[in-house]
Amino acid sequence: MNQVIDTLLNHRSVRSFTNETLTDEQIRLIVESAQRASTSSFIQAYSIIGVTDPEKKARLAEIAGNQQYVIDNGHFFVFCADLYRHELIGELREADVNATLETDEKLLVAVIDAALASQNAVVAAESMGLGICYIGGIRNDMFAVKELLSLPERVLPLFGLAVGVPEHVEDQKPRLPLEHIYHENTYVADTEQLKQELDAYDATIHDYYAARGSNQRSDTWTGKMGRMLSKPTRLDVKDFLKTQGYLKQN
């Protein structure tokens, strides 16, 4: 064990922050830590937008499903997949890069780069005693986010990150058993074993929801996933990808 592992193992989402804003130094350290994440082929295909304007934060909160902690936090970051600068590199070096930028592979590279950078940012923030909450809800209306943040072509708003001084910290949610996640040499697709492990995990989650300090309820993980996955959402994402130049227009 060490401090880094201790920080990682104690992660939990925070949805209640004090009104204390992050300092410029904290913001700088979080962003610089994000930049030190691994990046595919040194492409660095992401950008981070800090949103401090109250009206813009309020609009993002509305888009995300009226989540108040998008407004009330120490700082709000939006992580974007970004190949805009790479298109400019094509112009600068007189290289035809558009066909490459429109491939599914470069879409994956940009999304993965942004995700890796964000997790570095999270670990940096939590190591400073701050709390975080990822906000995938900004993808509820990517077109609106594009307009709000003046995003150029080839920039995709992927998720927000609320960071701040925790006012209230929930109990840590139990994760799936390691044996369910980790496979050695080959994927273990033993249906009966997986179902038994899911049943056991459901019991753990049911007890967690029933015992936690706030928002108690009777639920299971598979029940929640079943309800969520039975209702397709954000069906305009593909159209947005095409609009932003990530997929070829048919």
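Rings of Phe, Tyr and Trp (its six-membered ring) pair if their centres lie within 6.5 Å. Keep that cut-off handy for these exercises on a predicted model.

**Exercise 1.** Work out which kind of pair Phe-79 and Phe-159 make, and where the two residues lie.

*Solution.* Start with the search of the whole structure, which turns up five aromatic pairs. For Phe-79 and Phe-159, the ring centres are 5.6 Å apart and the planes meet at 25 degrees, so this pair is stacked.

**Exercise 2.** Are Phe-79 and Phe-159 buried or exposed?

*Solution.* Buried means under 20% relative accessible area. Phe-79 comes in at 1%, so count it as buried. Phe-159 has 12%, so it's buried too.

**Exercise 3.** Classify the pair of Tyr-134 and Phe-159, then name the cluster members.

*Solution.* Here the centres of Tyr-134 and Phe-159 are 5.5 Å apart, with 80 degrees between the planes: edge-to-face. Tyr-134 sits in strand S3 (residues 131-135) and Phe-159 in strand S4, so this pair ties together parts 25 residues apart in sequence. Tyr-134 has 31% relative accessibility, so it counts as partly exposed.

**Exercise 4.** Which ring does the charged end of Arg-217 sit over?

*Solution.* That's the ring of Tyr-209, with the charged end of Arg-217 at 4.0 Å from the ring centre.

Key: Residues are numbered from 1 along each chain as its sequence is written. This is a predicted model: local features need pLDDT of at least 70, side-chain atom pairs count only at pLDDT 80 or more; totals for chains, interfaces and linings use all residues. Side-chain values use heavy atoms; hydrogens and water are left out. Rings of Phe, Tyr and Trp (its six-membered ring) pair if their centres lie within 6.5 Å; planes under 30 degrees apart count as stacked, over 60 as edge-to-face and the rest as tilted. Helices (H or I, at least four residues) and strands (E, at least two) are DSSP runs, numbered from the N terminus. Buried means under 20% relative accessible area, exposed over 50%, partly exposed in between (1.4 Å probe, protein chains only). A charge sits over a ring if NZ of Lys or CZ of Arg is within 6 Å of the ring centre and within 35 degrees of the ring normal.
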